[in-house]
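Work through the exercises below with the sequence and the model open side by side. Try each task before reading its solution.

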Amino acid sequence: MTILKLNNVSKVFYTKTQETTAVSKLSFEVNDGEFVAIIGPSGCGKTTILSLICKLIAPTSGTISTRNDNAVGYMLQRDQLFEWRTIEKNVYLGLEILRKNTAESRAYAQELLKKYGLWEFRKHYPQQLSGGMRQRAALIRTLATNPDLLLLDEPFSALDFQTRLEVCDDVYSIIKKEKKTALLVTHDISEAISLADRIIVLTERPATVLTEHDPNLSKIPSPLKRRESPDFSKQFELLHKYLHGEKT
């Protein structure tokens, strides 16, 4: 079942002196249970696409449809945890903003904290946690609102390489266990191959779909193990050529 559909979406930004087309006639779908990655040249409009999907900005033309109003949760590049709030209070933040801070919703958030190893740290403050644990708390905060679709905007880019590998495994495992659909924007080709069921490759700005790529690694259970696949380097080379306009 389709959970998200973009149909001929364009976005033009206007100033007093010029107009800039960030996205042009962009069309793609995301289906229930998929983990889809979007990659493209730097500055091509990847984050703009996420902003359009979660209605922070409106398309100039075209349509974006989601399954229902509770469809989207947004996980940013940095964890954005409030340092003056405990981990538990940070996890409740989305519920407060959406006016869903009910006993039932808090119980669900608490269950997530227990399930994913943060319950004993619930009264700690963000500065007391490692980078990986902070990112896990940020994901739980997003999941607490029980969205159908998770938008992930380069959520590992602020981490060092070793921590990034560990957190990728961690986040992927949680998303799959919770049976969520995810759309990841990343500049990291290796990250896209290791995480995604399907990769959407964008052109230079204005962004449109150049091609879609199936890593065909779904039988391998973790992103870290997928990096060890014999096909991994070949896929990296192929996607690198797409991004740099080389003929394949």
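**Exercise 1: the sheet**

β8 and β9 pair in the antiparallel sense over 4 bridges. The model is predicted: local features need pLDDT of at least 70, side-chain atom pairs count only at pLDDT 80 or more, and totals for chains, interfaces and linings use all residues. Residues are numbered from 1 along each chain as its sequence is written, and side-chain values use heavy atoms, with hydrogens and water left out.

Task: find the order of the 6 strands in the open sheet, then find what packs on the sheet.

Solution. 
- Step 1. Strands (E, at least two residues) and helices (H or I, at least four) are DSSP runs, numbered from the N terminus. Two strands pair if DSSP finds at least two bridges between them.
- Step 2. Read off the order: β5-β6-β7-β3-β8-β9, with mixed pairing.
- Step 3. Take the edges. β5 and β9 (209–213) each pair on one side only.
- Step 4. Neighbouring strands are turned by 20° against each other on average, direction ignored. Axes are lines fitted to C-alpha atoms, for helices over the stretch in contact, and angles run from 0 to 180 degrees between N-to-C directions.
- Step 5. Check one bridge. V201 has T211 in β9 as its bridge partner.
- Step 6. Helix α1 (residues 46–53) touches β3, β5, β6, β7 and β8. Its direction makes about 150° with that of β6. Helix α5 touches β5 and β6, and its direction makes about 165° with that of β5. Contact here means heavy atoms within 4.5 Å.

**Exercise 2: the cores**

Task: which residues have the most contacts inside the largest nonpolar core?

Solution. 
- Step 1. Define the set. A nonpolar core joins buried Ala, Val, Leu, Ile, Met, Phe, Trp, Tyr and Cys residues through side-chain atoms within 4.5 Å. Buried means under 20% relative accessible area, exposed over 50%, partly exposed in between (1.4 Å probe, protein chains only).
- Step 2. The largest core has 45 residues, and F35, L152 and I199 have the most contacts inside it.
- Step 3. Leaving aside neighbours within four places in sequence, its contacts include A37, I39, T211 and L239.
- Step 4. Look elsewhere. Another core lies apart from the largest one; it has 23 residues, among them L4, V23, I53 and L183.

**Exercise 3: the salt bridges**

Solution. 
- Step 1. Apply the rule: a side-chain nitrogen of Lys or Arg within 4 Å of a carboxyl oxygen of Asp or Glu. The count comes to 11.
- Step 2. Take R134 and D79. Their closest N and O atoms are 2.9 Å apart. R134 lies in helix α5 (residues 131–143) and D79 in the loop between β5 and α2, so the pair ties together parts 55 residues apart in sequence. Both residues are buried.
- Step 3. Take K5 and E29. Their side chains meet at 3.9 Å, N to O. K5 is in strand β1 and E29 in strand β2, 24 residues apart. K5 is partly exposed, at 36% relative accessible area. E29 is partly exposed too, at 32%.
- Step 4. Find the network. E34, R198 and E212 are linked by salt bridges.
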